[in-house]
Protein chains: 2
Amino acid sequence: MIWALTPPPRTANIPANLKRFGCTHMNLKELARKLDLSPTTVSRALNGYPEVNEATRERVAAAAKKYNYQPNTRAIRLATGRAMAVGHVIPLATRHEIVNPVFADFIAGAGEVYSRNGYDLLLSVVSDDDEERAYRELKSRGTVDGVIVHSPRMRDERIPLLHDLGIPFVVHGRATDSPRPYPWVDVNNRRAFQRATEFLLDLGHRRIALMNGLEFMDFALRRRAGYEAALAARGIPVDPAIMASEEMTETSGHRLGAALLSGPNPPTAFLVSSIIMGLGIRRAIEERGLQMGRDVSVIVHDDELSYLRNGDDLPIFTATRSSVREAGRQAAAMLIGLIRGEAGAPRELLMEAELIIGQSTGPHRG
Amino acid sequence: MIWALTPPPRTANIPANLKRFGCTHMNLKELARKLDLSPTTVSRALNGYPEVNEATRERVAAAAKKYNYQPNTRAIRLATGRAMAVGHVIPLATRHEIVNPVFADFIAGAGEVYSRNGYDLLLSVVSDDDEERAYRELKSRGTVDGVIVHSPRMRDERIPLLHDLGIPFVVHGRATDSPRPYPWVDVNNRRAFQRATEFLLDLGHRRIALMNGLEFMDFALRRRAGYEAALAARGIPVDPAIMASEEMTETSGHRLGAALLSGPNPPTAFLVSSIIMGLGIRRAIEERGLQMGRDVSVIVHDDELSYLRNGDDLPIFTATRSSVREAGRQAAAMLIGLIRGEAGAPRELLMEAELIIGQSTGPHRG
DNA sequence: ATCACATTTCAAACCGCTTTGGATTGGCAC
DNA sequence: GTGCCAATCCAAAGCGGTTTGAAATGTGAT
C-alpha cells in the first residue's frame, strides 16, 4: 500500500449535498449506495443500456421511484455535452418594438413537442441588431443544441450565419434567395393567396385590394406573388393604388380601408394578411354604412391564434387558414430530428392553408 | 516522488475538446496554458476576484478577448449549483387552449432584464393539470433558480406549492385570500376600474355595463370590485343584467354588446376589460348606426400590447392604461433580487394605471 | 480441467468550471 | 536574521452525472 502516502485530503468537508440543499438530496451516488451498486450500473440501468441484468434494472427503477430520484440536469448536460435545450431567438424590431403576435401560439405548439422529448425551451428576446451576437453566444456557451429562426426576411443573413456556426436550426417560414438550402416549415402562402384571389375573381370581383404585411418579411412577398399570379392569369393588371404593405394592426387596417373605400374607383374586395388588420377593414366598411360580405368582400389570413378566433362556430371571415400552433409542433419535431442526427427525415415542410368560406364574401354586385 | 507509483491512466485518450467540437474549442484550461497561469487564477481574474494582480488580470482579459473565450455555461451551472435561468410556466387552459395574449409582451419585458443580468429564460407550456408536476420537476432537476407565476386565480394553489418547494418566485398579479404573503407585481386593477367608473359617472352615465374577463381570474375580481365600489359610492345599485364575465375575445365583445344594446334599458356606457373585447363592442355599437363616444361611451383596459396599439398618435379608446411589458421588467428584477438573496428589496409592487382620455367617451345625452 | 466467450458489474477518468486550503514571495518592523 | 503579513498564485477537490476499459463471474465447448 505504497500510495497511501498520497497526501490526504486537507479537510474533512461536509457533504456538498447538505451544504447546498440543506438536506440530503437524492443523487446518483446516494441511490447507488442504497442499492449497494456502483453509480455506473445505476446510471446505465436508468438509461436503458443493454449490459445490465433485467432483475437489477427493476430493482434500480423501483428504488429510483421510491426515493424520487431525479437526475440533475446540470450534471447531465455537462457530462454529455448536450444542452437538452432549444433556443428561440425572438427579434424585437428596435424601431417599433413589436412582438410578433403569432409567436405565442407558435411557441405553445413547439413547447408541447419539446417537453414530450425532454428538451427545454430557451427564449431570448433580443433587439435585432444584437441578433448575431445572440446566436454566437448560444453557440460558444453551449446553452442550446439548436434554434428556431422566426420571421425570416428575404435573403436572411441569419441562415448563412447559423450554417457557419454549425448550429442545427429550422426556419419558421422561408427566406427567398437563400444561396444554400436550409430546413424550414412554412405555409404555402403563395398558393393560399392565389386561391383566395381566384375565389374572389370567381365571385365576379375585379378590383381586389391587397392589404399586406411589411414586404421585407418573406411571407408577405410570397402572398403578394400569389395575388399577382392569380390576377395575371385572368389578364387583370395589378394596380399599386390598391395595394398596401404595412404593419398588421387594427388601426392601419382601418386607415387603409377607409382611404381606399372613399377614394376614386374603390375596390369591391379586400385580401388581407391578418385577421387583426381585417377587423380594421371591417370597421372601415361598416362605418360607411356598407355591409361586409354583401357590399364589400373580405378575405383574411387566419393563423388560428387562440385569442383571436375567427368566430366561435361558423367563421366570420372567409379566410385562408393555417394553424401556427401546428407549425410550431412540426418545426420543433424537425429540429429535434436534426439535433439527434436522424438521417432521412424530411427537411422541408410546406403546409397547405385551407380556404374557409365565411360570411365576409359574396358575389360582386354590378 | 513516491506517489508517482499511483497507477497510470489506462488510455492516452484524445483531447475531449477535439472529440466534441471537431476542433480545439477554447476553454479555461487551454486559455490558462496559453497564459502560463493556472486555471484558478484565470477563472478568478475573469470573475473579478480581488486576489489577482491587476497586471495579470489585464493580461488574462486581453487573452480571453483575443481567443474569444466564452466560459461553458453548462460547467458553470454545475460547479456553482446555480442554474442561471428563470422559468416561466405558462398554463395552457386545457379546455379552451388559450394562450394569454398579454404574455408575449410580458415576456419581452422580462427577457430584457434577464439578459442584462446573465439569466436565461426557460419557457414551459403545460396544460394546467400538469402544472404541479412541472414545478416539482423544475425544482428537483434544478433547471431554474426561480419562476414567475402567470395568471393567478383567486386563492391560487401554486403559491403554497412554491413556498413549500422553496423556489423563489414572483407572481404577475395577485391571488386574493392567499394565506401566506408572497412576492408580486400587479396593476392596481381595482383603483383603475374605480376611477374609470367614476369618470363615466361624472360624464352623467348611470347605466354602465361591465364587460369583464373570466372571474376566476384574480384581476377580473378586482376590476369588478372597483366598478362596484364606484357605483356604491354614488348610491347606484349594481345590475347583474349589464355585467358579464367571459373570455376576452372580439367575438364575445360583439355578442355581448349587441345583446345589451338591443335589450330593454340598454347601457349608455361600457367598461371593458380588454382592448380586443372593446373592438367587438365598438362593432356592435356602430352596427346599430350609433357612434362610439357620442351615443355610447366605452372605456377599455389597455395593456399596451405591441401589436394592438390604441391608436397611433391620439388614443381611440379612453382607457385605463398600464404597460405589461414594464410589469415584466419589474417582475423579473424582483425575482432576480430574490434569487440573489438581496434583503431589503421590496417584495410587492403595485403599479398604478393611467386613465387616458380618448375619443370613445363623451357626456351622457339624456 | 481448460479455454473462449458472453454477461454483469465496477473503478476511475472525464465534462469544464468554481472554490478550498495552502504555498510562495517580498516587504517591513523588530 | 527572524517573524509576520499582505499580495499572488496554484494544486486538487469538488459539482453530479456519463463513459471507458477492465475485472469478475458464469457457461458451454473442447
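**Ground rules**

I number residues from 1 along each chain as its sequence is written, and letter chains from A and number ligands from 1 in the order in which they are written. For this predicted model, local features need pLDDT of at least 70, side-chain atom pairs count only at pLDDT 80 or more, and totals for chains, interfaces and linings use all residues, while side-chain values use heavy atoms, with hydrogens and water left out.

**The two copies**

A turn of 180° and a shift of 0.1 Å along the axis give an RMSD of 0.1 Å. The two copies are therefore related as by a two-fold rotation axis. Both use the same surface, since 100% of the contact residues of chain A recur in chain B.

**Where the chains meet**

Next I looked up the contacts, meaning heavy atoms within 4.5 Å. I found 57 residues of chain A in contact with 58 residues of chain B. The size of an interface is often given as the accessible area lost when the parts come together. I used that buried area here (1.4 Å probe, summed over both parts). Chain A and chain B bury about 5400 Å² between them, and 58% of it is on carbon and sulfur atoms. On the side of chain A, A:Arg74, A:Arg141 and A:Tyr307 supply 14% of the area buried against chain B, more than any other three residues.

How many salt bridges cross the interface of chain A and chain B? The rule (a side-chain nitrogen of Lys or Arg within 4 Å of a carboxyl oxygen of Asp or Glu) finds two. I noted the pair B:Glu250 and A:Arg282, which form a salt bridge with their closest N and O atoms 2.9 Å apart.

**The nonpolar cores**

I then turned to the nonpolar cores, which are sets of buried Ala, Val, Leu, Ile, Met, Phe, Trp, Tyr and Cys residues joined through side-chain atoms within 4.5 Å. Buried is under 20% relative accessible area, exposed is over 50%, and partly exposed is in between (1.4 Å probe, protein chains only). The largest core has 131 residues, and A:Tyr114, A:Met211, A:Phe270, B:Tyr114, B:Met211 and B:Phe270 touch the most other members. Another core, of 38 residues, lies apart from it and includes A:Leu122 and B:Leu122. Leaving aside neighbours within four places in sequence, I see A:Met211 in contact with residues including A:Leu256, A:Leu260 and A:Phe270.

**Helix 11 of chain A**

Helices (H or I, at least four residues) and strands (E, at least two) are DSSP runs, numbered from the N terminus. Is helix 11 of chain A mostly covered or uncovered? I count it as mostly covered, with 10 of its 13 residues buried. Among the buried ones are A:Glu250, A:His254 and A:Leu256. The buried residues pack against strands 6, 7 and 8 and helix 12 of chain A, together with helix 12 of chain B.

**Two loop residues**

A:Met84 sits in the loop between helix 5 (73-80) and strand 1 (85-92) of chain A. Its phi is near 50°, a positive value in a residue other than glycine. At 17% relative accessibility, A:Met84 counts as buried.

A:Arg155 also has a positive phi, about 45°, although it is not a glycine. I found A:Arg155 in the loop between strand 3 (146-149) and helix 8 (158-165) of chain A. With a relative accessible area of 52%, A:Arg155 is exposed.

Note on methods: Least-squares fit on C-alpha atoms with pLDDT ≥ 70 in both. Buried area = accessible area lost by both parts, 1.4 Å probe.
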